Amino acid sequence: MRPGEPRPGATRYGAPVRLWRALERRRPPGLGRSRAWRSPLRGPWLTSVFAVVLLVGLPIVIITGLLSYAAYSPRFGQAFPPDVGWLRLPYFEWPTRPVWLYQVTQGLHVILGLALVPVVLGKLWSVVPKLFAWPPARSVAQVLERVTLLLLVGGILFEIATGVLNIQYAYVFGFGFYEGHYYGAWVFIGAFIAHVTVKLPRMVRSLRSRAFRDALRDGRPEPPDPDGLVPAAPRPATMTRRGVLALAGGGGLLIAVLTAGQAIGGAARRVALLAPRGGYAPEAGEFPVNRTAAAAGITAAAAGEGWRLVLTGGGRTVELDRAALLALPQHTAELPIACVEGWSAVRTWTGVRLRDLAAAAGAPEPASAYVRSLERYGAFDHATLQANQVADPDSLLALRADGADLTLDHGSPARVIVPALPGVHNTKWVRLIEFRER
Ligand SMILES: Nc1nc2c(c(=O)[nH]1)N[C@H]1C(S)=C(S)[C@@H](COP(=O)(O)O)O[C@H]1N2
Ligand SMILES: [Mo]
């Protein structure tokens, strides 16, 4: 284009484009000064190394998160949010085997999710000059790309913030955690898929552009790139790329060590310092209490002598006291209780098989079982179990744990324990079970 010739855009679109050109020249102070971002380590290679870690790790976090939604049995309207419209995934029956299934999927979701935080921050640091690029948009394609990036970065920061606050039991947001985390996840998933689709070839090219070992040792800038990640006027390096990656990777590893014990148990639990419930508590030992009897309004009297279990189904109603339950065949199973917040504890439970109780109620093969607690008005004072969860030989109405009667805080006189069932549906202080034929 020769000087004085009208710009092609200006003749076609007129005033808006002239306005845009004027905006381009009036860069806000402090914005878009590519000279402000002068680390010689920034560049497509480093960004791509962070990207490849996230490309492997984030799908695991996403899938285990969606599996947790499925494990809550949305079919019974007891997943959160209960109705997700067209975002509904195909329903399937959550299995009871392997018994550690939910312990592993949810432990992975929380612990890997936390461990990836430093990698996410590293990746954001590596592309920060793009955030301040001026003008904010040059073409429709670029506007689309920037909107995607906004949803991508906003989405992941939102998911991290809500997830971390939830496992710290800090309900400081003005909306439901599950609702926000679920819809936020879909915003992120959409942007993530779009971003990966567009950037994958460039990531592969950047990683191939140099030998991994050389790039690690080298503090010199990469060749100039079209995205402008490589600074035009770099400062001398203060650390190597190896140092940057070690910082992000080491940070992630440290977080994993400080949280993983909540799901692994044993000695690791004692260093799970970042896990509020999953760590070792002197009074609870290695068996955390999610909601105490006092918090749930359960008195020792209500759970004492006068307590009766009501069973219904098959047109029959049966009432049993604790002695009657103890007179039925007792079964023992070693099962984890695994909470959505990532902590879990394996216990040896003893009690009556749910399928024996179903038979006693005259509904030997129920389609579902609705369980009610003595607790009232709590979010988790009831749950519905699937047919396979009632039928499993290790599914119990537990009266004892680790050879002792259940404590009041752990659900005395009787609680549900079902293999691979999310902790939340292992209802404590059970008062009634309704076995349903349909
Ligand atoms: N009645 C009742 N049962 C309940 C809950 C509750 O709040 N009320 N919390 C559930 C949750 S979220 C979990 S993780 C497990 C924890 O069991 P624990 O407190 O014995 O460790 O109990 C479940 N059973
Ligand atoms: Mo839980």
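Begin by selecting ligand 1, which has 19 residues around it, the nearest being Pro 288, Glu 375, His 410, Arg 415 and Lys 428 (a residue is near if one of its heavy atoms lies within 4 Å). This is a predicted model, in which local features need pLDDT of at least 70 and side-chain atom pairs count only at pLDDT 80 or more, while totals for chains, interfaces and linings use all residues. Residues are numbered from 1 along each chain as its sequence is written, and side-chain values use heavy atoms, leaving out hydrogens and water.

Show the polar contacts next (pairs of N or O atoms within 3.5 Å). An oxygen atom of ligand 1 lies 2.7 Å from a polar side-chain atom of His 410, and an oxygen atom of ligand 1 is 2.6 Å from a side-chain N or O atom of Arg 415. At Asn 426, look at the backbone instead, where a polar atom is 3.1 Å from a nitrogen atom of ligand 1.

Now select helix α3 (residues 44-71) and helix α5 (residues 117-131), whose axes come within 9 Å and cross at roughly 150°; the two are therefore roughly antiparallel (an angle over 145 degrees). Their contact (heavy atoms within 4.5 Å) includes Leu 46 and Phe 50 of α3 and Val 120 and Trp 125 of α5, and its residues divide into nine nonpolar, three polar and one charged.

Notes
Chains are lettered from A and ligands numbered from 1 in the order in which they are written. Axes are lines fitted to C-alpha atoms, for helices over the stretch in contact, and angles run from 0 to 180 degrees between N-to-C directions. Helices (H or I, at least four residues) and strands (E, at least two) are DSSP runs, numbered from the N terminus. Angles under 35 degrees count as roughly parallel, over 145 as roughly antiparallel, 65 to 115 as roughly perpendicular and the rest as oblique. Ala, Val, Leu, Ile, Met, Phe, Trp, Tyr, Cys and Pro count as nonpolar, Asp, Glu, Lys and Arg as charged, and the others, Gly among them, as polar. A polar contact is a pair of N or O atoms within 3.5 Å; within protein, one must be able to donate a hydrogen and the other to accept it, and residues adjacent in sequence count only if both atoms are side-chain atoms.
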